[in-house]
Amino acid sequence: MAEGLEGIKEAGPDVAVLDARLPDGSGIELCREIKSLRPEIRALILTSYDDDAALQSAILAGADGYVLKEIGGSSLISGVRAVADGHSLIDPMVAIRAMERMRESAQRGADTDPSSLTPQQQRILALVGQGLTNREIADELFLSEKTVKNHITHLLARLGVKRRTQAALLAAQMRLPGTDPGGGDAG
């Protein structure tokens, strides 16, 4: 890895093609080093692994591309050119698998247990269930409207719903305070 870093610093290429697994480290670590020293150098990770963790690590390290070693020679050259031109590149098969795993995770992660929500999320969801607008919720909780909007966006994703009305229905089903569809206490 150290030898590769020195060579890249000396040559100053437009694009560094890095093997994800090196004998003395990782191409991802090398990518991170290159980007910290010479951020203008574009980095393309070449790997035989298509796991999500490696892809995420490469992206966080600043990689501009991530392709599998099975890529054909002419496709690799096209990929290097695309990265050199400022484009990002992720191997299509890796991207497809990552998107499928994210969708599956989101579907499994839809959580309607109120105890799994933070107290703030429960309060906001209850107020959505009461039909309050973002502005009204912001005023009620002494938050900015933008903060409320961010909370609601996260809540929708966490609950696995797309619309505010769906969240309001879930709030009623969860029996959060103030969301009783019967209109009051049965006292």
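A residue is taken as buried when its relative accessible area is under 20%. In this predicted model, Asn134 comes in at 18% relative accessibility, so Asn134 lands on the buried side of that cut-off. Across the chain as a whole, 33% of the 187 residues are buried.

Asn134 sits in helix H7, which covers residues 134-141. Once the neighbours within four places in sequence are set aside, the residues touching Asn134 are Glu145, Val148, Lys149, Ile152 and Arg164. With one of these, Arg164, there is also a polar contact: the side chains of Asn134 and Arg164 are joined at 2.6 Å.

Helix H7 also packs against another helix. The axes of H7 and H6 (residues 119-129) come within 10 Å of each other, with a crossing angle of roughly 135 degrees. Angles over 145 degrees would count as roughly antiparallel, and 65 to 115 as roughly perpendicular, so the H6 and H7 pair is classed as oblique. As for handedness, H6 and H7 cross in the right-handed sense. On the H6 side, the contact is built from Gln120, Arg123, Ile124, Leu127 and Val128, while H7 puts in Ile137, Glu140 and Leu141.

Zooming out, the chain holds nine helices and six strands. Counting contacts between residues at least 6 apart in sequence, 56% link residues at least 24 apart.

Key:
Residues numbered from 1 in each chain as written. Predicted model: local features only at pLDDT ≥ 70, side-chain atom pairs only at ≥ 80, totals over all residues. Heavy atoms only, no water. Helix = DSSP H or I, 4+ residues; strand = E, 2+ residues; numbered from the N terminus. Buried < 20%, exposed > 50% of the residue type's maximum accessible area, 1.4 Å probe, protein only. Polar contact = N/O pair within 3.5 Å; in protein donor to acceptor, adjacent residues only side chain to side chain. Contact = heavy atoms within 4.5 Å. Axes fitted to C-alpha atoms, helices over the stretch in contact; angles between N-to-C directions. Parallel < 35°, antiparallel > 145°, perpendicular 65-115°, else oblique. Left-handed = near helix turned anticlockwise from the far one by under 90°.
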